[in-house]
Amino acid sequence: MFKVIEELPLKALYSRDITIKLEILNALYREYNGYTIESLSHKINVSKKTIYKYIKELNELSINSSENTAFVLDSDSNNYTFLGNKIEFLELRYRILESCDAIKLLLELVHASSINFLNFCAKYYISESTLKNIIRKINYIFKFIDIRLSVKKNEIFLNGNEVIIRYCFTSILWRIYNGLKFPFELMDKEIIQKLKGDLFKNLPLSISEGRKNLFLYLLLVNATRAHNNKLSSSLFPNFYKELTGKSDILVKLAATLHNYFKLSTVELEFNLILLYTFPEFYQFEDKLFYTLNILEKKLPVLFIILFLF
């Protein structure tokens, strides 16, 4: 299921404008010497006028975010080239994706149990038929993981297994932002950085900044959803208490999470269970052998598969 979530075809949500902008950005980022308007037009299969239009729009978007143009025209070669580094490429990419109405709807659903249909139309200046089409597109990709948007009494709801919904949101946000931005209303950037420091001083792990940010995305999606969308421990494996208990480090981690988010016991335990999806977690306290012993007792078939693997 996790692999299916991570491979959801998000491109199906993008408008033609967004798709072309991404193709231009990707092409010019990957080709050091750049492209002429003619070659770029041929590569992307749109008119030269369209290429000029979108390069202008992308440069305006870049100036708004970094005060620098992303693309320049070389007077000698007549090629357009991308001036930025990988971080600047990813930042411009997520700014393009933030203009996608389907992404806007998903971001709002991270923070709420439902969204008012007409208010969303008014807020983003789209028609009711456009929003209905957006919902159809989202449901098309969500059908692979058995979750679905529905509209009841003018409210948009997301229905399905809450654990899958949260992992899905984490995956989508990570694919959009790559840890460069934390699009959560729950806390500002300074508090998030303080949280990161407090969390990982209790986890003596060799873990990269990217992996730390991914773990923070999981925590922040969970904490944000917890306000309006409650978890039930019936969704957890029946031996989860054995996984989350008897560890000083996990006790300290739970205390840190409670201090920042005031989570219920069930929500705290869920966040501790999530640690088991990170290979780095098995670096301390013989967690690998401890976990395998539990699996051998509770899920012998899975244990044999892992052992043979």
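Is lysine 48 buried, partly exposed or exposed, and what is its relative accessible area?

1. Lysine 48 is partly exposed, with a relative accessible area of 41%; buried denotes under 20% relative accessible area, exposed over 50%, and partly exposed the range in between (1.4 Å probe, protein chains only). The model is predicted: local features need pLDDT of at least 70, side-chain atom pairs count only at pLDDT 80 or more, and totals for chains, interfaces and linings use all residues. Residues are numbered from 1 along each chain as its sequence is written, and side-chain values use heavy atoms, with hydrogens and water left out.

2. The whole structure contains 11 salt bridges, each being a side-chain nitrogen of Lys or Arg within 4 Å of a carboxyl oxygen of Asp or Glu. One of them joins glutamate 38 to lysine 48, with the closest N and O atoms 4.0 Å apart. Because glutamate 38 belongs to helix α3 (residues 37–44) and lysine 48 to helix α4 (residues 48–66), the pair ties together parts 10 residues apart in sequence. Helices here are DSSP runs (H or I, at least four residues), numbered from the N terminus. Glutamate 38 is partly exposed, at 44% relative accessible area.

3. Glutamate 98 pairs with lysine 181 in a salt bridge whose closest N and O atoms are 2.6 Å apart. Lysine 181 is partly exposed, at 31%.

4. Glutamate 209 and lysine 196 form a salt bridge, with the closest N and O atoms 3.0 Å apart. Lysine 196 is buried, with a relative accessible area of 10%, whereas glutamate 209 is partly exposed at 44%.

5. A network of salt bridges links Glu162, Arg166, Arg225 and Glu267.

Technical notes
Helix = DSSP H or I, 4+ residues; strand = E, 2+ residues; numbered from the N terminus.
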